[in-house]
Amino acid sequence: MKNILNFKKMVVVVFIATIVSGLFFNMRTAYAAEYVLYGKKMTGGIGNYGNNPRYYWMSSYFNTSAKKKPVTDAMYMWNYSNGTGAWTPLMFYNSAQQYGCILDIHKVSGRPGIGAETTWFTWKGQSVVPERNNWDWCKIEVTNLYQAANSTKQKGTMVHEIGHVLGLAHNDTFPNGGTVMRWMYADTMSKGPTLNDFKGINRLYK
Ligand SMILES: [Zn+2]
């Protein structure tokens, strides 16, 4: 009788352990989104492997190389896949004139607690909800908080906002590296777009 009880106990323990590990695994699987997309994307593509490059413009705030560098460095990492081995159609060049650009980058005042914001637009200048409609061009606005940050944080912020421009939504799957699309900036975040981020780009544009 004692042995039978022990056996029963063991069966129960094993059974519970199976359920718990199963749940744990399923939860991990369910949350391990490589990327999260808004659902819509930029019209006209993102550069067609450099055959039809898109252009971005920086406002007069970005009048020194120190101010320009976090932006150009961020775009460089997106263009050349940040050493991840990914191959995407992405190619954005900087232009000195706003006309013809599909990304404008401005500096604004106010908006306490916010480092930068992206807005999506149609050619007619109507703002777009990226879950509902494709967009023709975007605006990134950086704030005083961005201005006060060091260049590493500025670059990380710009990498993140460009992700929004391209169609990536926030992704809090990965606690540290894994994506630059975390909701809150963290020093532990990847310094440049990751393979997961590029997979999201290719899902939209390839
Ligand atoms: Zn964001």
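These legends go with a few close-up views of the predicted model above.

A quick note on the numbers: residues count from 1 along each chain as its sequence is written. Because the model is predicted, local features need pLDDT of at least 70 and side-chain atom pairs count only at pLDDT 80 or more, while totals for chains, interfaces and linings use all residues.

View 1. Helices (H or I, at least four residues) and strands (E, at least two) are DSSP runs, numbered from the N terminus. Along the sequence they come in the order α-β-α-β-β-β-β-β-α-α-α.

**View 2. Strand β4 alongside β6.** β4 (residues 116–121) and β6 (residues 137–142) run antiparallel, joined by six bridges; strands pair if DSSP finds at least two bridges between them. Look for T118, which sits opposite I140 of β6.

**View 3. The hairpin of β4 and β5.** Here β4 runs antiparallel to β5 (residues 127–128), with two bridges between them. W120 has V128 in β5 as its bridge partner. Five residues lie between the strands, and G125 takes a positive phi near 90°.

**View 4. N51 in its loop.** You'll find N51 between α1 (2–31) and β1 (54–58). N51 counts as exposed because it has 9 C-beta neighbours inside 10 Å. P89 is 38 residues from N51 in sequence, yet their C-alpha atoms are 9.0 Å apart in space.

How values were computed. A residue is buried if 20 or more other C-beta atoms lie within 10 Å of its own, exposed if 12 or fewer, and partly exposed in between; C-beta atoms are placed from the backbone.
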